[in-house]
Amino acid sequence: QVLEGRDISSLAKYIKSTGCKNVVLMLGAGVSTSAGIPDFRSPETGLYSNLARLNLPHPEAVFEISFFRKQPVPFYTLAHELYPGKFRPTITHSFIRLLAEKSLLHTCFTQNIDTLERRAGVPDDKIIEAHGSFAGQRCIECKQPYDDEKMKEHIFSMKIAKCEHCGGYVKPDIVFFGEELPEKFIRAIPNLRSADLLIIMGTSLTVYPFASLAQRVDESCPRVLINLDHVGDIGSRADDIVLLGKCDDVVKDLCVELGWEDELIKLWNE
Ligand code: OAD
């Protein structure tokens with residue numbers, strides 16, 4: 001075992017030790033809720049419990065390609081609400097940038113499509129957007145890419161964009177249920193073998209294959225869960241740490257232990 005205990009101060013000591021060089025992160029919607037973006041599965045506030053107005057057969061249908069082909073309006077309604085640009089990165093995003101500045105960040109796997117990691121200044125080459133993002137878009141039929149500006153206009157005015165070649169519906173490159181994850185994600189999976197520390201934040205660990213990344217680090221690699229509730233099998237290995245709470249609060253406490261508090265606040269205020 002590499003940790004002295006299962007608490008924040010043992011974690012801070014480990015992060016500062018020479019044995020901890022490569023930190024890998026797994027992120028979910030919970031890291032962005034304090035920015036004002038709802039998560040998916042929280043009972044009262046999550047998107048899936050607030051989609052009744054979109055008349056869906058079931059909440060996840062909004063992200064199903066077969067449903068989108070028949071009814072693109074619900075997704076465009078949601079895209080209009082979630083479109084990146086209106087939201088500011090959180091303290092947790094600044095912590096990720098700080099890890100990068102300390103040369104500790106190996107890979108940041110994120111399920112989020114809000115691009116707040118990039119906006120917080122985390123280097124692009126460290127980020128793997130496993131469920132895609134709004135950065136590009138294409139026709140769902142002939143896969144022809146579609147212009148960025150035109151897409152933005154369509155989402156802002158909530159008009160469905162149609163392919164200029166075949167007339168098929170256009171959708172941002174967000175991974176829907178029933179679609180493959182990006183090649184970049186598949187290629188980065190072996191990175192988990194190099195991890196000296198895995199930090200999992202703000203995810204229910206219910207969507208696969210993303211959730212399975214937590215099993216791919218070595219048995220000797222400590223895994224930390226920072227989340228409102230206890231999810232997945234974190235806690236089942238000897239060096240697992242479970243820190244329940246809001247991720248911004250836990251991250252701040254951790255930075256106090258690390259002596260990084262001032263740097264964190266400075267980055268966040270940038
Ligand atoms: P979920 O909504 O499933 O889970 C969010 C988790 O974050 C829950 O366990 C919450 O309790 C926790 N949480 C919320 N706010 C928090 C906070 N401030 N601090 C700490 N924890 C907090 O979201 P994901 O796991 O990201 O897929 O969902 C995975 C995928 O399901 C998404 O990428 C999306 C969705 O369908 C696609 O869009 C393709």
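**Exercise 1.** Find which residues Asn227 is in contact with, leaving aside neighbours within four places in sequence.

*Solution.* Start with contact, meaning heavy atoms within 4.5 Å. With that cut-off, Asn227 is in contact with Met201, Gly202, Thr203, Leu243, Leu244 and Gly245. A note before we go on: this is a predicted model, where local features need pLDDT of at least 70, side-chain atom pairs count only at pLDDT 80 or more, and totals for chains, interfaces and linings use all residues. Residues are numbered from 1 along each chain as its sequence is written, and side-chain values use heavy atoms, with hydrogens and water left out.

**Exercise 2.** Is Asn227 buried or exposed? Which side chain joins that of Asn227 in a polar contact?

*Solution.* First, buried means under 20% relative accessible area and exposed over 50%, with partly exposed in between (1.4 Å probe, protein chains only). Asn227 has 7% relative accessibility, so Asn227 counts as buried. Next, take the polar contact: a pair of N or O atoms within 3.5 Å, where within protein one must be able to donate a hydrogen and the other to accept it, and residues adjacent in sequence count only if both atoms are side-chain atoms. The side chains of Asn227 and Asp229 are joined by such a contact of 2.9 Å. Finally, a polar atom of the Asn227 side chain lies 3.1 Å from the backbone nitrogen of Thr203.
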